[in-house]
Amino acid sequence: MPDAVVIGAGPNGLVAANLLADAGWSVEVLEAQADPGGAVRHDRGVDPDFANDLFSAFYPLAAASPILADLHLEREGLSWSHAPTVLAHPLLDGRCAVLSRDLDETVKNLEAFAPGDGAAWKDLTAVWEKLRADIVEALFTPFPPVRAGARLALRLRAAGGLRMARTMILPVRRLGEEEFRGEGGRLLLAGNALHADLAPEAAGSGGFGWLMSMLGQTYGFPVPTGGAGALTAALVRRLTRRGGAVRCGERVTEVIVRGGRAVGVRTAGGETVPARKAVLANVSAPCLYSSLVAEQHLPGQLLADLKKFQWDFATFKVDWALNGPVPWTSPEAAQAGTVHLADGVDGLTRFAAQIAMGRIPDHPFALFGQMTTTDPSRSPRGTESAWAYTHVPQNVRGDAGLEGLTGTWDAREQETMADRVEAQVERYAPGFRSLIRARRILAPPTLESMNANLHGGAINGGTTALHQQLFFRPTPGTGRPETPVPGLFLASASAHPGGGVHGAPGANAARAALRRQRTSALSHLQNRLHHRDRKGQT
């Protein structure tokens, strides 16, 4: 019998399992899919000569994560690759905003949009450098981050206090307007905010866009050399060397609760897998509480709150094998790993508004990844392994385009939407389509079929909006990984701090399980001593 059973071999589940194994626990990880990794996998399904990441691809949060750093995955063969520049946002007039790990390059680029904008970017970077260590610690530790939070409060006070707090909750459109005269800096902030489901007018989108921009400025948007699955492989190797086991093709259908606590799980094959100390669930909160745990074990208020749980935008992705580099009209875009494609901040607002109205965007904001530019091992010399994803509504009520898409995502609708994404790329890179050797379409239902946590194609485990963050995640409460069922811990992106590949939800769940076990052991020891003392008095 293992000490712990972890449901799901995505990055959070594997991080949790590694930390438990480091503490001497025996751990068994059960994964529904045929391969481990969750949303961190790659394959050669587009073309045998091309490595394409299936889901996530660039990992600024992983680069910043002290949790992953402490695992020393380089000892397991993991290495990282960087594109010459981090990010580009080309415009149709040929100008291009560029984010580089070289601060002087970023400053020079933004200064060309408007005098003084380079200095404004330097000012934002200076604030980040003052706060960075405490922000990173607060972001990746259990909520509430008492020590890091106290230090951050002091540094915020020194950095302007309430004025700085106001800046962080500003909509990104307003933040860009206050900080920059030209479009460049505004584009970098707003495009990065829409890596999550945060419209340019959403409260807090300014802080998120700033955070992602500063992560890119400091750490870049690196990729695992060879493919996203190299990160997963390193986590699995580390775990197995410490005695842990990963079993794939084992879908968990029930968390077994006995005597008021979680004691194991049951699989779709009917196998009961007991857990001596804890069950950690790297599954979405709606799945855990609506499917895996029987209703009688859960408070009515939690079930009521769960009905208000909000998913993030659905995702539509296209992978390509290209016969040559992308022919961008802006030369700067050719050097970037990530390219944002939208007609300025107004284009981003229009895109987000269409999704809010339940309409499939007619000119989708596309996040474009140039993987061979970032990691030359991904495809033969002179070619490009590439992808683009965009967002669509979870519940489609209409099509902002002329093709009458309905969100059924049958074969016709998938091909039509993929053509729409390619048309958006073609606007900024005429001749792009002539380079396509092969393509693969991953529509929202396809993504969910490949990873059940990606409900309807949602990639962040729930909205990033303020009303479902911190102690509101996944429902109003403490924001911690403990669940109402003793011995059961939520270890997925539905828990604080949310989506992204950084391992924090898994680490938080593992540490909570270890802490509970220590507390339980101490309580048991105290009871034994008390009982012995009472016997001695009789």
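Here is a short exchange on a predicted model.

Biologist: What kind of model is this, and which pLDDT does a local feature need?

Modeller: Residues are numbered from 1 along each chain as its sequence is written, and side-chain values use heavy atoms, with hydrogens and water left out. The model is predicted; totals for chains, interfaces and linings use all residues, side-chain atom pairs count only at pLDDT 80 or more, and local features need pLDDT of at least 70.

Biologist: Is Leu 131 buried or exposed?

Modeller: Buried means under 20% relative accessible area, exposed over 50%, and partly exposed in between, with a 1.4 Å probe and protein chains only. The buried residues of helix 5 include Trp 121, Leu 124, Trp 128 and Ile 135. Leu 131 is also listed there, as buried.

Biologist: Which side chain has a polar contact of 2.8 Å with that of Asp 375?

Modeller: Asp 375 sits in the loop between helix 15 (371-374) and strand 18 (384-392). Asp 375 is buried, at 2% relative accessible area. A polar contact is a pair of N or O atoms within 3.5 Å; within protein, one must be able to donate a hydrogen and the other to accept it, and residues adjacent in sequence count only if both atoms are side-chain atoms. The partner at 2.8 Å is Arg 378.

Biologist: How many Å separate the backbone nitrogen of Gly 226 from a polar atom of the Asp 375 side chain?

Modeller: Contact means heavy atoms within 4.5 Å. Beyond four places in sequence, Asp 375 touches Ser 81, Val 223, Pro 224, Thr 225, Gly 226 and Gly 227. For the backbone nitrogen of Gly 226, the separation from the side-chain polar atom is 2.7 Å.

Biologist: At roughly what angle do helix 9 and helix 14 cross?

Modeller: Helix 9 (residues 183-193) brings Glu 183, Arg 186, Leu 187, Ala 190 and Gly 191 to Gly 344, Val 345 and Leu 348 of helix 14. Axes are lines fitted to C-alpha atoms, for helices over the stretch in contact, and angles run from 0 to 180 degrees between N-to-C directions. The two axes come within 9 Å and cross at roughly 25°.

Biologist: Which peptide bond has omega of about 5°?

Modeller: Pro 497 lies in the loop between strand 21 and helix 18 (504-536). Its peptide bond is cis, and the residues joined are His 496 and Pro 497.

Biologist: What is the relative accessibility of His 72?

Modeller: His 72 lies in the loop between helix 3 (66-71) and strand 5 (80-81). Its phi is positive, about 50°, although His 72 is not a glycine. His 72 counts as partly exposed, at 31%.

Terms used. Helices (H or I, at least four residues) and strands (E, at least two) are DSSP runs, numbered from the N terminus.
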